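Open the model in your viewer, colour it by chain position if you can, and follow the stops below in order. Each stop says what to select next and then describes what is there.

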Amino acid sequence: GAVKDGDGNYLRQLTFYKLLLDYWQDGKYRMSEGVIDFVEPDARGKLHREVFTISSTSVAELKDLIVRVSGEIRDLAFWSRRCDDRDCTYCPLRDLMGARKVQNLGEGV
């Protein structure tokens, strides 16, 4: 189906919803599965529904990822990282930002 052939973003979103519900109002609502109904038909004119069971392991992994990344953001650990994509437009921008900051510090600005 549309989701199963995709890159996993829908499943990640459903897992995030479960994580939020697990902590909202002391877990008042329990989510065990997520259902996605696509409103646009496929090439054959069929509408699709995808149902996913969201495991507690998936939720724990996402929670760990959120905690780790938020810590990296607070600590600015990402500041000097670069990706491996040779066509990345963000890494050169980051390099330019770093060079500009050094230049401004040298000028006393």
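**First stop: an exposed arginine**

Select R49, which is exposed, with a relative accessible area of 56%; here buried means under 20% relative accessible area, exposed means over 50%, and partly exposed lies in between, with a 1.4 Å probe and protein chains only. This is a predicted model, in which local features need pLDDT of at least 70 and side-chain atom pairs count only at pLDDT 80 or more, while totals for chains, interfaces and linings use all residues. Residues are numbered from 1 along each chain as its sequence is written, and side-chain values use heavy atoms, with hydrogens and water left out.

D37 is partly exposed, with a relative accessible area of 45%. Side chains of opposite charge can pair when their charged atoms come close.

**The whole chain**

Zoom out to see the protein chain, which has three helices and two strands; these are DSSP runs numbered from the N terminus, with helices (H or I) of at least four residues and strands (E) of at least two. From the N terminus on, the elements follow the order α-β-β-α-α. Of the 109 residues in the chain, 19% are buried.

**Into the core**

Stay in strand β2 and select F52, which counts as buried at 13% relative accessibility. If you also mark G34, you will find that the C-alpha atoms of F52 and G34 are separated by 5.2 Å, although the two residues are 18 residues apart along the chain.

Which residues make up the largest nonpolar core? Select L14, L19, M31, I36, F38, F52, I54 and V59, eight residues in all; a nonpolar core is a set of buried Ala, Val, Leu, Ile, Met, Phe, Trp, Tyr and Cys residues joined through side-chain atoms within 4.5 Å. From this set, pick L19, which touches V59, K63 and I66 when residues up to four places away in sequence are not counted, a contact being heavy atoms within 4.5 Å.

Next, select K18 in helix α1 (residues 9-23). Is K18 buried or exposed? With a relative accessible area of 10%, K18 is buried, and, leaving aside its neighbours within four places in sequence, K18 is in contact with M31, I54 and V59.

**Along helix α2 and beyond**

Move to E72 and R68, which form a salt bridge with their closest N and O atoms 3.0 Å apart. Because they are four residues apart in helix α2 (residues 56-75), E72 and R68 are separated by about one helical turn. E72 is buried, with a relative accessible area of 17%, whereas R68 counts as partly exposed at 45% relative accessibility.

Then select D95 and R82, whose side chains meet in a salt bridge at 2.6 Å, N to O. D95 lies in helix α3 (residues 90-106) and R82 in the loop between α2 and α3, so the pair ties together parts that are 13 residues apart in sequence. D95 is partly exposed, with a relative accessible area of 43%, and R82 is also partly exposed, with 34%.

Show the surface and select V69, I73, L76, F78, W79, Y90, L93, L96 and M97, which make a nonpolar surface patch of about 890 Å². Patches are made of residues with over 30% relative accessible area and no salt bridge, with like charges joined within 9 Å and nonpolar side chains (Val, Leu, Ile, Met, Phe, Trp, Tyr) within 5 Å. The largest share of this patch, four residues, comes from α3. M97, in helix α3, is partly exposed, with a relative accessible area of 40%.

**Last stop: confidence**

Finally, colour the model by pLDDT, the predictor's confidence in each residue, from 0 to 100. The chain averages a pLDDT of 83, and among its elements α3 has the lowest mean (67) and α2 the highest (93). Select residues 102-106, where pLDDT stays under 50 and the model has one contact beyond four places in sequence. Where pLDDT is low, the predicted coordinates should not be read in detail.

Conventions: A salt bridge is a side-chain nitrogen of Lys or Arg within 4 Å of a carboxyl oxygen of Asp or Glu. Accessible areas come from the Shrake-Rupley method with a 1.4 Å probe; for residues, only the protein chains shown count as cover.
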